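Colleague: I have a new model open on my screen and would like to learn how to read it. Could you take me through some features, one at a time?

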Amino acid sequence: MRGTSITTWQKRGLSFFTVASSLMIAITTVSLAWASFPIAQDNASNSPYGDGWQSGDNGGSHMGPWTLATTSGNTSENGHFVGNSTNNNGTSGDSNGDGDINTPISRAWGLYANSGQTASATRNFNIPFTPGSVFQIDMDNGDIQAGGTVGFGLQNASGQNVLEVYFVGGATVYTVHGGTPASSGVGFTREGVRVMITLTTASTYQATIRRLVDGAQNTVSGSLASPSGGQTIARLRLFNANAGSGSSRDLFFNSIVYVPGRVLNVGTGRGYRDIQPAINDLNTLPGHTLQIAADVYTGTVTVTKRL
């Protein structure tokens, strides 16, 4: 094609894909046979949790061991366990029969807290987040008393929150809290939500929350918080802060998946999981270079705009 120049080269284990400014339409197939990026993942059905959930348990891959903490030594007030996530549904039950967020043998990680106490669980990611990274987790709250809050935080290496997703007792929707709190637009449910966080740049995010019971979902975007320890996400914190007494107020989590970013627009700092979305982004302009990390990319890359 006249005036078209597509260049791909390698440097220090990275592949750089540059499209010249005169390109109008091009179609090419990319199949780069490198070792796949490590994917961090874990769920409550893995073997380390067969005897419950304790500090030091380390199921799955590419994450450090759990550290479990409570604010009271009284086990009737706060603690951790492995159990059936449908047990917090109250009289409504598992209305669609999907087992809420359970993995096989009806298992999920549980946290309970009452009497003003908090139960939390933290673990490190072996690979800190970079632009384009995607994190997903299932969360299943029960009822939450006034003054209680349940959710999770993505934190820097100093243990400071960079982004949180939570539900406050008495509220009507889940909150996504980076630099400022934002309504998710997704209403309360006792039957679980799936939360997907994409780091769009080193300082911005996109969060999608989907109710498992009916598929209702919404996506919000914003800036990360800027704590003194920096904005690089390096660990996960789950928490139940005084949701209240009884199994109907237990909080469950399951099915962690974290995939590091693979494609970076060097000109804008925006990250992506795949090549095609990087090309399609309106922020990708003539002369920009896409830095493509070592991984396996198989499929068709189509450029349908003037670059």
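Modeller: Gladly; we will go through strands, a sheet, salt bridges, a loop residue and some backbone angles.

Modeller: A word on the ground rules. This is a predicted model, so to speak of local features we need pLDDT of at least 70, side-chain atom pairs count only at pLDDT 80 or more, and totals for chains, interfaces and linings use all residues. Residues are numbered from 1 along each chain as its sequence is written, and side-chain values use heavy atoms, with hydrogens and water left out.

Colleague: Let's start with strand S18. Is S18 mostly covered or mostly open?

Modeller: Strands here are DSSP runs (E, at least two residues), numbered from the N terminus. "Buried" means under 20% relative accessible area, "exposed" over 50%, and "partly exposed" in between, with a 1.4 Å probe and protein chains only. S18 spans residues 251-259 and is mostly covered, with eight of its nine residues buried.

Colleague: Which strands are joined to S18 by bridges?

Modeller: The general idea is that strands of a sheet pair through backbone hydrogen bonds, either parallel or antiparallel. Two strands count as paired if DSSP finds at least two bridges between them. Strand S4 (residues 40-42) runs antiparallel to S18 and is joined to it by three bridges; here Asp-42 has Ile-256 as its bridge partner. Strand S7 (residues 108-113) is also antiparallel to S18, again with three bridges, and Leu-111 is partnered by Leu-251. Strand S9 (residues 134-141) has seven bridges to S18, also antiparallel, with Gln-136 opposite Val-257.

Colleague: Now charges. How many salt bridges does a search of the whole structure find?

Modeller: Side chains of opposite charge can pair when their charged atoms come close. The cut-off used is a side-chain nitrogen of Lys or Arg within 4 Å of a carboxyl oxygen of Asp or Glu. The search finds five. One of them joins Arg-123 and Asp-42, whose closest N and O atoms are 2.8 Å apart. Arg-123 lies in strand S8 and Asp-42 in strand S4, so this pair ties together parts that are 81 residues apart in sequence. Arg-123 is buried at 2% relative accessibility, and Asp-42 is buried at 3%.

Colleague: Which residue forms a salt bridge with Asp-138?

Modeller: That is Arg-194, with 2.7 Å between the closest N and O atoms. Asp-138 is in strand S9 and Arg-194 in strand S14 (residues 193-201), so the pair links parts 56 residues apart in sequence. Asp-138 is buried at 2%, while Arg-194 is partly exposed at 27%.

Colleague: Where does Asp-214 lie?

Modeller: Asp-214 sits in the loop between strand S15 (204-211) and strand S16 (217-223), and is partly exposed at 47% relative accessibility. Its side chain meets that of Arg-211 in a salt bridge of 2.9 Å, N to O; Arg-211 is buried at 16%. The Asp-214 side chain also reaches the backbone nitrogen of Ala-216 at 3.1 Å.

Colleague: Last one: what should I look for in phi angles?

Modeller: Most residues other than glycine have a negative phi. His-62 has a positive phi, near 60°; His-62 is in the loop between S4 and strand S5 (67-70) and is partly exposed at 35%. Ser-115 has a positive phi of about 55° although it is not a glycine. Ser-115 lies in the loop between S7 and strand S8 (118-124), and is partly exposed at 49%.

Notes: Helix = DSSP H or I, 4+ residues; strand = E, 2+ residues; numbered from the N terminus. Polar contact = N/O pair within 3.5 Å; in protein donor to acceptor, adjacent residues only side chain to side chain.
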